[in-house]
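Open the model in your viewer and keep the selection tool at hand. The stops below say what to select next and what is there.

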Amino acid sequence: MDKCDKVIYMNTFTKTLSPTIRISYMVLPQRLLMEFKQKMSFYSCTVPNIDQIALAYFIEKGFFERHINRMRKDYCQKKELFAKYLTIYDKQKALTIHESDSGLHMILEVKKENLKRFMMNANQKRLHIVALQNFYEKTTEFSNKFILNYSSLTKNEIEEAVKLLCEF
């Protein structure tokens with residue numbers, strides 16, 4: 001994917017498989033492999049061999065890819081439900097979803113007076129939102145946009161979550 005050989009890609013299997021699977025990985029550009037081996041080879045791997053073998057088998061046999069596709073479909077359905085209920089319960093049109101293919105979260109634009117109260121109320125109701133502005137230095141451009149993580153909600157909880165967001 002990296003045609004310029006400049007990207008270092010790091011990730012874990014914590015969210016894609018399970019928080020109990022503590023295996024991470026790093027994909028280096030070819031030109032950095034030798035330097036990495038020279039400078040970092042003294043570190044020992046703390047992941048048990050059996051975990052690595054099981055994960056390798058899971059990937060090799062296509063189970064991981066099928067799992068990812070299943071999860072993608074599930075999160076897409078959750079996002080669609082969220083949008084559907086928003087059109088039903090947001091009578092003032094105060095909430096707008098900005099589409100993204102992130103899978104686990106979305107950007108929610110809020111047109112309400114007291115944004116701090118909105119965020120505190122949402123978090124108290126187990127709706128994990130964070131002000132997008134927190135990720136930028138010295139800007140108010142995103143003061144009314146929030147990152148909403150809906151991954152922990154079941155499909156049955158989404159309607160109630162949207163109702164709660166709309167009543168603030």
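Start with Asp-5, which is partly exposed at 25% relative accessibility; buried means under 20% relative accessible area, exposed over 50%, and partly exposed in between, with a 1.4 Å probe and protein chains only. Asp-5 sits in the segment before strand E1 (9-12). Helices (H or I, at least four residues) and strands (E, at least two) are DSSP runs, numbered from the N terminus. The phi of Asp-5 is near 55°, a positive value in a residue other than glycine. Most residues other than glycine have a negative phi.

Before going further, note that this is a predicted model, in which local features need pLDDT of at least 70, side-chain atom pairs count only at pLDDT 80 or more, and totals for chains, interfaces and linings use all residues. Residues are numbered from 1 along each chain as its sequence is written, and side-chain values use heavy atoms, with hydrogens and water left out.

Next select Lys-93, in the loop between H3 and E3. Lys-93 also has a positive phi, of about 55°, although it is not a glycine. Its relative accessible area is 52%, so Lys-93 is exposed.

**Salt bridges**

How many salt bridges are there to find? The count comes to 2, where a salt bridge is a side-chain nitrogen of Lys or Arg within 4 Å of a carboxyl oxygen of Asp or Glu.

Select Glu-35 and Lys-39 for one of them; their closest N and O atoms are 3.1 Å apart. The two residues are 4 apart in helix H1 (residues 33-40), so about one helical turn separates them. Glu-35 is partly exposed, at 38% relative accessibility, while Lys-39 is exposed, with a relative accessible area of 52%.

Then select Lys-155 and Asp-74, whose side chains meet in a salt bridge of 3.1 Å, N to O. This pair links distant parts of the chain, with Lys-155 in helix H5 and Asp-74 in helix H3, 81 residues apart. Lys-155 is partly exposed at 32% relative accessibility, and Asp-74 is partly exposed with a relative accessible area of 23%.

**Helices H3 and H5**

Show both helices. The axes of H3 and H5 come within 9 Å and cross at roughly 40°; axes are lines fitted to C-alpha atoms, for helices over the stretch in contact, and angles run from 0 to 180 degrees between N-to-C directions. Residues that make the contact include Asp-74, Phe-82 and Tyr-89 of H3, and Lys-155, Val-162 and Leu-165 of H5. Contact means heavy atoms within 4.5 Å.

Now select the buried residues of H5: Ile-158, Ala-161, Val-162, Leu-164, Leu-165 and Cys-166. Their cover includes H3, E3, E4, H4 and E6.

**The cores**

A nonpolar core is a set of buried Ala, Val, Leu, Ile, Met, Phe, Trp, Tyr and Cys residues joined through side-chain atoms within 4.5 Å. Which members of the largest core touch the most other members? Of its 27 residues, they are Phe-82, Leu-95, Leu-108, Phe-118 and Leu-165. H5 gives the most to this core, with 6 residues.

Centre the view on Leu-165. Leaving out residues up to four places away in sequence, Leu-165 touches Phe-82, Leu-95, Leu-108, Lys-112, Phe-118, Ala-122, Leu-127 and Leu-148. For the last stop, go to another core that lies apart from the largest one; it has 6 residues, among them Phe-13, Ile-23, Leu-55 and Phe-64.
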